[in-house]
Amino acid sequence: MFNRIVKLYSITNTYNTIRICESRGEVFNIYKLLLADRDKEELQGIRWLLSKYSFPITNISLTDQITDVLTNLENELPDILCVELDMIPENKWEVVKTFIYRYSGQVIAITAEATFERAMQAMSIKAVDLWVKPLSPSRMKRAIQQAVGNLTAIRKKNTEIEFEQVIRYESLFIDDYVPFHYPVYLLEAEHRETLNDLRVFINQFDFDYKPSVFSTHNCIILVFRHDFPEPLKQAQRFLREWKHVEAGSIVIVVHTGSEDSLFQIYMKLIRMMETTFFIGYEQVLLAEDAQDWVEIDPFLTMEEQRNLIFMLDEGQGDKLKTWLYEEFFDMQSPYLEPGLLRTRLTSILAQVRRFMFRKGITNQDSEVYYKKVFEIILYGPVLYRIVQELILFIHYLFQTVKEQQMYAKADVVESAISYMENHYNYATLSLTEVAEHVGRSPSHLSHILTKKYHQSFREMLIYIRLQKAKELLGSTDESIQNIAVSVGFRNPNYFSRVFKSYTGLTPREWRLR
């Protein structure tokens, strides 16, 4: 390659360095280039050729290993990448492509195989040109010139946009009451780490008119300065092309133009964006379709609390699932206020938490899982996924209870206590019934209970009933009479006397303390 270039091509200084005058102000555009090819002689020849032109390139790196390509891309951020496609293994193509999108500026592809597949690969990384070996010096020169020209144009445009943003960013957040008549897009990614890729894609997308791009911590605003036909269709085309090249879910809200100020438009876009909590991502929405939220009381009623506690204690997973679906799925516009729905979900989770304490589910895995679900309820972007996580957590707890019960049956005493805890609300529960359940005589069961816990059967049963009563007194507004009956006491007065003898307080005093 080196000798061929020397023989075929005489070197001329045909490219003038592009500059912006600062003293007009004298600021030079200087670029870095990475050459990647398995043929070391090809690398040396290309570098020699480029060094003979007055390209504004001061740093040329060479590599013949694909791993070094990835390292250089990430660490050096080259402005121009010349890469041999044949050196990229098929199983690493997607990884390399991601690195190219993320870390390189202009790309020039090289290949020894003039095939359709290589051409498609070059197009997929938006290569300026595809060099086919043996390389043509004149074509190489034109491609580098084009890449440098593109970079210079991009830098100039970015400088203009940065200056513009100093002026216009505040218009999004402070109302200047100046009507803005052109389309505005609001783009949000379901996962925040997708935003960087989204910004790169916006820079590469072929808009009818290039917008001004403004970024916040969780979304991107595109402000157009021209009218153009069917801004909704352009947004739909953007979403389709995004799906072809990226995996992250996004939503686009479109404002097509009105007499509103930019601040008022932004507020409408944000308001419509919040409906993704109900309808999800991967769609284009119109800001004009936004409606006011419907207010609700987010807290569970007493009847809902009782039903939820009953379904949890009885392990009725299917009924719980049906109830949650009826509560939170198939909502129609106008939607309930999202913050109030999150509060309602945390109210439900609080009852699930009490269920965990009642069943003694306090292991580390359960605690980590509980905290994860709590975080999802507070910050999860889509309602139906939050509810699904809550349902899965409840099923996990039910399975944990079953495993605990199976383990307890291996021990007669624990099995007897478990039976008492599950049937304490029956006023007729007796030592004989429990003994029959565990396959022991009443006298033997009484003996081993007293030996292990230093309490008689009756004392243990009263203790269990009082513990359940304390929970109900603290977690519900149910009457003391109803609570007495629900924990197995036929006579509320007797319940009150027993409660005070064990705790030193009446049930009412306990509730009010």
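1. Start with helix 16 and helix 18 (residues 442-453). Their axes come within 10 Å and cross at roughly 100 degrees. Angles from 65 to 115 degrees count as roughly perpendicular, so helix 16 is roughly perpendicular to helix 18. Note that this is a predicted model.

2. Which residues of helix 16 meet helix 18? They are Val412, Val413, Glu414, Ala416 and Ile417. Facing them from helix 18 are Leu445, Ile448, Leu449, Lys452 and Tyr453. Sorted by class, this contact has 8 nonpolar and 2 charged residues, and no polar ones.

3. Now take the other partner. Helix 16 spans residues 412-423, and helix 17 spans residues 431-438. These two helices pack at an angle of about 130 degrees. Their axes lie 9 Å apart. Helix 16 and helix 17 are therefore oblique to each other. The crossing of helix 16 past helix 17 is right-handed.

4. What does helix 16 bring to helix 17? Val412, Ser415, Ala416, Tyr419 and Met420 make the contact on the helix 16 side. Helix 17 answers with Glu433, Val434, His437 and Val438. By class, the contact of helix 16 with helix 17 has 6 nonpolar, 2 polar and 1 charged residues.

5. Two residues deserve a second look. Val412 and Ala416 meet helix 17. Val412 and Ala416 also meet helix 18.

6. Last, the overall layout. The chain is divided into domain 1 (24-160), domain 2 (169-289), domain 3 (302-389) and domain 4 (424-512). How many Å separate the centres of domain 1 and domain 4? Taken over C-alpha atoms, the separation is 79 Å.

How values were computed:
Residues are numbered from 1 along each chain as its sequence is written. This is a predicted model: local features need pLDDT of at least 70, side-chain atom pairs count only at pLDDT 80 or more; totals for chains, interfaces and linings use all residues. Side-chain values use heavy atoms; hydrogens and water are left out. Axes are lines fitted to C-alpha atoms, for helices over the stretch in contact, and angles run from 0 to 180 degrees between N-to-C directions. Helices (H or I, at least four residues) and strands (E, at least two) are DSSP runs, numbered from the N terminus. Angles under 35 degrees count as roughly parallel, over 145 as roughly antiparallel, 65 to 115 as roughly perpendicular and the rest as oblique. A crossing is left-handed if the near helix is turned anticlockwise from the far one by less than a right angle, and right-handed if clockwise. Contact means heavy atoms within 4.5 Å. Ala, Val, Leu, Ile, Met, Phe, Trp, Tyr, Cys and Pro count as nonpolar, Asp, Glu, Lys and Arg as charged, and the others, Gly among them, as polar. Domain bounds come from an automatic or database domain assignment.
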